Amino acid sequence: MGKQNKLLSLKNQSKREFLLNYALYFILGAMIIGIIIIDSTFLSPVNFINVLKQASTRGIMALGVAGLIILQGTDLSAGRVMGLSAALSASMLQSLTYGARMYPELGDINMLIPLAIAILAGVVFGLINGFGVAVLKIHAFIVTLGTQLIAFGLIQIYIDSQAGGAQPLGSLAPKYINLVNGNVFGIPKLVIYLAIAAIVMYIIWNKTTLGKNMYAIGGNPEAAAVSGVNLVKNIMLIYLISGIFYGVAGFLEAARIGSVNTNIGNAYELDAISACVVGGVSFSGGVGTVPGVLIGTLILQFIGYGLQYIGVNPYVQGIVKGIIIIVAVAIDVRKYLAKK
């Protein structure tokens, strides 16, 4: 009888553990079902494609942020750095027929040049963040908060430096728009770019020494250092890679939206961090997968787009996102404490 009670207790405990560990997914799933019940037209293929397009650039950025969270860090500058990269790209790729071009003397330049400059901007900020964390030993929250403000200031100065004053960088070149938007065999190009980014990051995380070191540092930096891992070098490289992903995301986002103003990238880092946490990337460090990040990005994008589709107040949407982050982190902390 005692054994039966013990087995029953273990089963009940196991059920509670399961429900608590996956409570967020149940809640998010219920929200999606609720949106569909309120307006069944949300299930249309057009909406599905729109969600995928919106999720693509955020997914690329989230992949960059995820590596930093695995290192027990974060990046509050991601959105603004992406915005700066977008502004740089858009300013150099405005239509030749647009009378208020920022750089009329450039002419028809190769799109690889703006892409390289956008990536370079991301890399510079990535290295600054990495140097602050790895060498100066400043907490990632503080370093990236500072670089967030710097990037935002640079965006404002850059856009305000136009001859006509502060105005959106619009009328983008058709070749730029076509490179980013449209479909290939019915698949949105943005989704293809996200898939390429995910494959690259999957290889880095799972098939390289850098990826193994990243998980080791995130799991236990002291043990990793004792085993011979160069903490400074590896942390700097992970931050550098994150900058590359922000630059690529910015280049794509400018063409996806069609114009760039000083508000671009605002709170994008929160979407990226939320996607990572929902996707199972642990703030405790050393845990996270590429598929998890992609799933988290898609789930949150579905909910965000769905709430907007059924007419929920934008301020309420912010409240929902905040609750999701708190619940996700609470579950993550609970798992960490249970392991200890």
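How do the residues of the lining of the largest pocket divide into nonpolar, polar and charged?

A: The residues that line the largest pocket divide into 9 nonpolar, 11 polar and 4 charged. In this classification Ala, Val, Leu, Ile, Met, Phe, Trp, Tyr, Cys and Pro count as nonpolar, Asp, Glu, Lys and Arg as charged, and the others, Gly among them, as polar.

Some conventions come before the details. This is a predicted model, in which local features need pLDDT of at least 70 and side-chain atom pairs count only at pLDDT 80 or more, while totals for chains, interfaces and linings use all residues. Residues are numbered from 1 along each chain as its sequence is written, and side-chain values use heavy atoms, with hydrogens and water left out.

The search for empty space rests on a simple idea. Rolling a probe the size of a water molecule over the atoms shows where empty space is left. On a 1 Å grid over the protein atoms alone, a pocket is an open set of points with protein on both sides within 12 Å along at least five of seven lines, whereas a cavity is a set of points where a 1.4 Å probe fits but cannot get out; lining residues have an atom within 4 Å of a point. Grid points are joined across faces, edges and corners, and a volume is the space filled by probe spheres set on the points.

The largest pocket has a volume of about 610 Å³. Its lining consists of 24 residues, of which Arg58, Tyr268, Asp271, Gln301 and Lys321 are the closest to its centre. The elements that contribute two or more residues to this lining are α3 (45–70), α11, α12, α13 (290–309) and α14 (314–339). Helices (H or I, at least four residues) and strands (E, at least two) are DSSP runs, numbered from the N terminus. The largest share of the pocket lining, 6 residues, comes from α13.

The largest cavity holds about 90 Å³ of space, and its lining is formed by Asp271, Ser274, Leu300, Ile303, Gly304, Leu307, Val320, Lys321 and Ile324. Two or more of these residues come from each of α12, α13 and α14. Helix α13 gives the largest share of this lining, 4 residues. By class, the lining of the largest cavity has 5 nonpolar, 2 polar and 2 charged residues.

Leu63, Gly64, Gly67, Met201, Trp205, Met214, Ile238, Ile241 and Ser242 form its lining, to which α3, α8 (189–207) and α11 each supply at least two residues. This lining contains 6 nonpolar, 3 polar and no charged residues.

What covers the buried residues of α6 includes α4 (78–92), α5 (112–134), α11 (231–257) and α12 (268–278). Here buried means under 20% relative accessible area, exposed over 50%, and partly exposed in between (1.4 Å probe, protein chains only). The buried residues of α6 are Ala140, Val143, Thr144, Thr147, Gln148, Ala151, Ile155, Tyr158 and Ile159. Seen down the axis of α6, they fall within an arc of 135°, so they line one face of the helix; the arc is that of the directions from the helix axis to the C-beta atoms. The face of α6 turned away from its buried side carries the exposed residues Ile142, Leu149 and Ile157. The 21 residues of α6 (residues 140–160) should span 30 Å at 1.5 Å a residue, and the end C-alpha atoms are 30 Å apart, which agrees. The expected span of a helix is 1.5 Å times one less than its number of residues.

Asn129 is located in helix α5 and counts as buried because its relative accessibility is 2%. Not counting residues up to four places away in sequence, Asn129 touches Asp75, Ser77, Val143, Thr144, Thr147 and Tyr239, where contact means heavy atoms within 4.5 Å. Val143, Thr144 and Thr147 are among the buried residues of α6.
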